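Here is a briefing on a predicted model.

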2 protein chains.
Amino acid sequence: MAEVKPILVVGSVALDTVETPAESTSEVLGGAASYFCLSASLFAPVRLVAVVGEDFPGEHRELLKSKGIDLNGLQVRPGRTFRWFARYSGARLEDRLTLDTQLGVFADFHPTLPHRYQDSKLVFLANIQPELQLEVLSQARHAEFIACDTMKLWLDTALPALERLFRRVHCVLMNDEEAVQFTGRRFLPAAARAILDYGPRAVIIKRGENGSLLFTGDRVFSAPALPLEAVKDPTGAGDAFAGGFLGSISRAGTVDESALRRAVLYGSVLGSLAVQDFSVSRVAGAGMDDVESRFDRLVDMISLAPSGQKH
Amino acid sequence: MAEVKPILVVGSVALDTVETPAESTSEVLGGAASYFCLSASLFAPVRLVAVVGEDFPGEHRELLKSKGIDLNGLQVRPGRTFRWFARYSGARLEDRLTLDTQLGVFADFHPTLPHRYQDSKLVFLANIQPELQLEVLSQARHAEFIACDTMKLWLDTALPALERLFRRVHCVLMNDEEAVQFTGRRFLPAAARAILDYGPRAVIIKRGENGSLLFTGDRVFSAPALPLEAVKDPTGAGDAFAGGFLGSISRAGTVDESALRRAVLYGSVLGSLAVQDFSVSRVAGAGMDDVESRFDRLVDMISLAPSGQKH
């Protein structure tokens with residue numbers, strides 16, 4: 001059995017206020033790193049590097065601790081925790097309007113890896129400024145598999161740093177619109193090839209409810225999204241996806257093609273959990289039995305020789 | 001080996017004039033039934049029921065005949081062949097603007113099955129008025145597997161007939177927007193369930209470059225679209241898809257779950273061929289070696305235990 005390697009994640013921990021057509025919620029646990037941690041911790045030990053203000057609720061810290069997440073790298077600074085306010089007019093990410101972003105202590109954040117994090121082999125650079133993502137890489141010198149996410153803002157404002165980053169990671173996760181914008185290629189295969197040309201061995205293009213595509217070398221894997229009858233809040237789906245992906249890789253102990261493909265399906269599982277409730281509630285409430293049952297459903301969705309198993 | 005059953009198709013045969021950002025084409029062979037016939041004829045004998053005017057070019061008739069398509073049911077009426085004029089602002093179906101539709105002899109079309117078509121076991125009702133689709137069903141009394149397509153126009157103007165139709169077919173093919181509009185359900189799984197409630201045993205929801213979903217009972221199959229570096233003309237993709245789907249079913253000689261799933265992949269193959277050139281050119285020029293090679297690529301795209309085979 002392969003060693004389960006701890007996963008280092010750097011990203012935002014936030015307090016989210018989210019309105020949807022049906023329901024609203026205020027100052028709940030959010031931020032890419034929160035969704036990632038709670039997802040990945042189902043599979044492997046997780047080490048968190050982030051910052052919160054002195055107002056960060058103890059209950060959120062307790063939740064993360066209760067999942068075994070190492071909070072040694074969670075800085076607590078004088079000031080307010082990063083707050084994010086958004087409204088969804090529908091049930092899709094495209095329906096999102098960001099009402100306000102209050103950076104608080106995040107404005108001056110520089111990631112610092114505690115000594116005991118520095119041997120981390122698996123690293124996830126969640127969506128923060130590319131310059132900060134690069135700062136992590138200079139500290140995580142033993143990393144064997146580095147994955148990163150990004151967002152439209154950095155394509156618009158920090159393109160050179162993003163290009164430097166893509167030359168140093170093993171896996172890039174982006175959504176379809178970002179991939180098209182970044183590369184100027186209208187079709188995803190061409191866009192993915194252009195990103196692979198920077199050096200990563202894998203590019204994952206996330207398409208929300210249309211599933212995701214994993215591009216490696218000259219091969220493509222098509223991972224379905226779990227069909228859901230409803231979505232409560234799409235926030236954090238991509239970060240939970242990344243958590244399931246890296247978690248699965250840690251558990252598998254390898255990044256061969258087959259492991260990457262299975263990991264993308266686990267990513268899809270965690271994404272499906274994230275959107276079924278506000279904040280991290282559904283992810284934090286899930287057990288590996290939930291995860292494996294959804295994984296089996298995804299496998300059935302791409303099986304040509306159905307087992308007769310019904311879901 | 002199962003008997004390869006002839007496939008009966010009823011639909012439009014047209015002369016298309018299509019503009020795309022890169023290139024244009026004028027009065028080329030088009031219409032849902034043309035794309036369907038040429039796709040399905042790669043797998044099985046095809047029987048066409050349609051109408052053209054006296055101006056229908058002999059070369060188009062010869063092309064269809066050269067593929068062994070039975071033209072006994074192709075009516076030739078005094079007047080002009082159905083003409084369709086469209087412009088694409090981009091490379092996707094969503095970018096389409098229909099500039100003009102000249103029904104010509106299609107305006108008075110009523111499908112009549114030649115005597116020797118009446119034993120047809122496999123029937124495809126391409127996108128025409130639901131009333132006409134129902135007229136076919138009253139003549140194809142030995143049909144064992146009936147599939148139908150439709151379009152937004154009939155959702156807007158002929159909903160009751162469409163509902164009658166859905167109660168009498170075994171398989172409904174729709175695109176995602178049509179399924180959402182028809183059912184009022186925002187999410188495809190709920191929309192598909194609502195359509196299955198009319199009685200069909202299968203619903204296929206086409207999502208263009210995002211692939212398609214096959215819903216049967218309480219199971220779902222996710223078929224990828226073949227990643228293409230470019231699309232020349234998206235016209236006819238759905239009709240070619242249907243041709244590959246029914247063709248594969250005829251060749252398999254069964255409609256069990258596994259056969260349906262493989263058939264959807266063959267649909268995806270023919271859709272990918274259709275969009276790579278104007279009119280039916282790429283489909284008509286394809287051989288089964290092209291088809292099987294693309295099918296293998298799709299299978300690899302959903303395989304968790306990669307064969308090491310590269311494409």
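A:Thr150 sits in the loop that links strand 9 (145-148) to helix 4 (152-157) of chain A. Helices (H or I, at least four residues) and strands (E, at least two) are DSSP runs, numbered from the N terminus. The model is predicted: local features need pLDDT of at least 70, side-chain atom pairs count only at pLDDT 80 or more, and totals for chains, interfaces and linings use all residues. Residues are numbered from 1 along each chain as its sequence is written, chains are lettered from A and ligands numbered from 1 in the order in which they are written, and side-chain values use heavy atoms, with hydrogens and water left out.

**A:Thr150**
- A:Thr150 counts as buried because its relative accessibility is 3%; buried means under 20% relative accessible area, exposed over 50%, partly exposed in between (1.4 Å probe, protein chains only).
- Leaving aside residues up to four places away in sequence, A:Thr150 touches A:Asn127, A:Leu162, A:Phe166, A:Leu173, A:Met174 and A:Glu178. Contact means heavy atoms within 4.5 Å.

**Chain A**
- Chain A has eleven helices and 13 strands.
- Of its 311 residues, 60% count as buried.
- Along the principal axes, the C-alpha atoms of chain A fill a box of roughly 60 × 45 × 45 Å.
- Take contacts in chain A between residues at least 6 apart in sequence: 65% join residues at least 24 apart.

**Interface of chain A and chain B**
- Chain A gives 40 residues to the contact, and chain B gives 40 residues.
- The buried area is about 3,400 Å², with 53% from carbon and sulfur atoms. Buried area is the accessible area (1.4 Å probe) that two parts lose on being put together, summed over both.
- A:Phe187, A:Arg219 and A:Leu304 supply 20% of the area that chain A buries against chain B, more than any other three residues.

- The rule finds six salt bridges between chain A and chain B. A salt bridge is a side-chain nitrogen of Lys or Arg within 4 Å of a carboxyl oxygen of Asp or Glu.
- A:Arg186 and B:Glu209 meet through their side chains in a salt bridge (2.7 Å, N to O).
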